[in-house]
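Please look through the sequence and the model before reading on, and keep both at hand. The paragraphs below then go through the structure part by part.

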Amino acid sequence: MSIEILMPALSPTMTEGNLTKWLVIEGQEVKAGDVIAEIETDKATMEVEAVDEGFVEKLFFKDGDVNIPVNKPIALISGDKKLKSKKINEKTGTVDKKIKESKKSSTQPIEEDVPVDNEHITMREAIRDTIAEEMRKDKKVFILGEEVAEYQGAYKVTQGLLDEFGDKRVIDTPISEQGFTGLAVGAAFKGLTPIVEFMTFNFSMQAIDQIINSAAKTLYMSGGQINCPIVFRGPNGAAAQVAAQHSQDFSSWYSHVPGLKVLAPSTPFNAKGLLRSAIRDPNPVIFLENEILYGLKGEISSDDNFTIPFGKANIAKEGTDTTIVTYSIMLQKTLHAAKILKNEFNLEIEVIDLQSLRPIDSETIINSVKKTNRIVTVEESWPIASIGSEIVNIIQKNAFDDLDAPIIKVNSADVPMPYSSSLEKLYLPQIDDIVKAVKEVNYI
Amino acid sequence: MKKLTKSEHIKIYSYMMKIRRFEERSSQLYGMGHIGGFCHLYIGQEAVVVGVLMTIKKNDSVVTTYRDHGHMIARGLELKKIMAELTGRAEGYSSGKGGSMHMFSKENNFYGGHGIVGAQVPIGTGIAFTHKYNDDKNICRTYIGDGAMNNGQVFEAFNLAALWKLPALYIIENNKYGMGTSVDRAAAGSDLYKRGEAFGIKGEIIDGMNVYSVIKAAAKAGEYVRSGKGPYILEVQTYRYRGHSMSDPAKYRTKAELEEYKNSDPIEIVKEEIIKKKIATNKELEKIGKEIIKEVKTAADFALESNFPENKELFTDVYL
């Protein structure tokens, strides 16, 4: 009887993996627990173990094959001993050598994520490259956080930085958010430019006093004497099935605070332009990434000094019938919904990607509503006092007479994030929710 | 430690007197409604900051708590600009936007004036981190009240400072009460100077009513930190004569206790030493005292005659 070995899901957000290398060959005997392959996930390179004993009958992929979907068979394990002798006879003498080589190379550092096409890279590469580029230009810039150095980043965003810049500028911290955040704020007061990586923004709540009371307010409290050039960055919002304490969206929390600037990239292109603006800014900047977007590929600007200014939204898609204002991960769902609305209802949707939540680009939103007369906001945060709530205020004040329908906000459910995948789907705004909201403001 | 010169003795006396007279005047202006909000006076604790001042280098940094007026005076900042800040005037160190608890002087390496108990400790540790990053041989002194010694981030900062051998000198000003709660009712194991031991940080306890003890210990501790050996903790035993803030009647302690400390008044100790050593006569010291009263009055007059910030200032200094 043969057993299929499937591409395993090794992280909550993994949808596909790369077969870095096989540690077995066809015909080799394996026992349960033997490491048979190295798989590169969206976060790290992991070892895959055999769960049953038998003989490797077939390897469906070769070393270096990429983008293999989760749950796709990658190998076949058989209990048939005849197969063993046949295969081994064919490959006499090569088994030991190959395994030895594999073991040797598996202890070497993780290879850098070198993109094939320099103009077309993932979000995580865009962020990593921008950090590296700015660190090359300015010795005052350094990065600290949990697992940013030797581990190469919990989400591989800081991969390779330790090798290039050394442990003076790429600093592993203990799990001590309040301590290292306060320390970084002090360093910024004294003239350095720290980039603080929160493993996720959920943990920034441990340090929120230092972010708000110290980083955001000191310029004001010192009458303009002491500024705080610092970037707080990391994944924000829901990943996949990590439940209530690890899925929170902080866009509205931080956007509430004068003294902070808040950015939320949605593509590799704007991640580069926005992050460069953040690092170069003399004020504290909250840079809200999204774990699910880390693998998103896209074009980037070839200009090494390309920046996107604060307070400038991007019209991701022009349209005349309804405005949808969104940001971060919801941009993709919104664009998808816009396609459906065009195909099924012939509605031309204008999609505004905010990019910058504080300052917010009121002008672009108002002008769009004056054209479309209808607006829906789409975001992952909870509904009460959200970014959408602020947009409702902006529109009622500036474009009241232009509205042909009440404004509808699409948010996550007003409950803590549930664990179960079925409930999680219900909790988060889905494409159907967006379609429904747009239909409603169009009285369809 | 080298012997103090005559002029250094006089400097110590003058600074301590300046702080006391300034704080007395602040108390008066508070009573008259010219100073608002929270106002925490330093009276009784003068020997701590002035003792440390005698060991400080110009480019060393300082961070402290909200009981900061004395610290600013000791850092050589102008009385009139401090008083202008207390009274919320445009000429104040923070343009009237910080007030008593939030004053800063970047050019004097004075990084606040922090209103959140314990928050200044990671910040001071970060300034020490910067001194090390820049390899400039300067150190950062972070003052901590006894009340903050039960606050989690203080220990996070100790861990980081010890882990990375940062040039951080932590000075615990133990004035016996965190607001109205005595140290033994707040800290399990009241030896605050030992609280760095788990991180391998050396600590020492000293008499903070006697400026000469403070100078000796602060010089030694400063040298230790500057030599690259990592952080050090000094617990300075002191006492505040007034309540926690202006609105505190201090009913949690006895009059006898207060009198006992007043009998070992830090300024009297300096005065006796100066007269005993024949550095100056009582009369000469009185003259200095009168000059200081005049200086403080000038500062108060300056503050009260200064303008309040213009309305447009409400919206400045939010972003650089």
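Which strands of chain B does helix H8 (residues 211-229) lie across? This is a predicted model, in which local features need pLDDT of at least 70 and side-chain atom pairs count only at pLDDT 80 or more, while totals for chains, interfaces and linings use all residues. Residues are numbered from 1 along each chain as its sequence is written, and chains are lettered from A and ligands numbered from 1 in the order in which they are written. Helix H8 of chain B lies across strand S4 (168-174), S7 and S8 of that chain, and runs at about 170° to S8(B). Such angles run from 0 to 180 degrees between N-to-C directions, with axes that are lines fitted to C-alpha atoms, for helices over the stretch in contact; two residues are in contact if their C-beta atoms, placed from the backbone, lie within 7 Å. Helices (H or I, at least four residues) and strands (E, at least two) are DSSP runs, numbered from the N terminus.

In chain B, 6 strands form an open sheet in the order S2-S1-S3-S4-S8-S7, and their pairing is parallel, where two strands pair if DSSP finds at least two bridges between them. Strand S2 (110-113) and strand S7 (202-207) of chain B each have a single partner strand, so one side of each is left without a neighbour in the sheet. From one strand to the next, the twist averages 15°. S7(B) is joined to strand S8 (residues 232-237) of chain B by 6 bridges, and B:Lys202 stands opposite B:Tyr232 in S8(B).

Chain A also holds an open sheet, built of 4 strands in the order S5-S4-S2-S7 with antiparallel pairing. Its edge strands are S5 (45-49) and S7 (68-69) of chain A, each of which pairs on one side only. Strand S2 (residues 16-22) of chain A pairs with S7(A) over 2 bridges, and A:Glu16 stands opposite A:Pro69 in S7(A).

Turning to a helix of chain A, the buried residues of H11 (residues 362-372) are A:Thr364, A:Ile365, A:Ser368, A:Val369 and A:Thr372, where buried means that 20 or more other C-beta atoms, placed from the backbone, lie within 10 Å of a residue's own. Because they cover an arc of only 130° around the axis, they are on the same side of H11(A), the arc being that of the directions from the helix axis to the C-beta atoms. Among the elements that cover these buried residues are strand S17 (314-317) and helix H12 (387-398) of chain A.

Conventions: A residue is buried if 20 or more other C-beta atoms lie within 10 Å of its own, exposed if 12 or fewer, and partly exposed in between; C-beta atoms are placed from the backbone.
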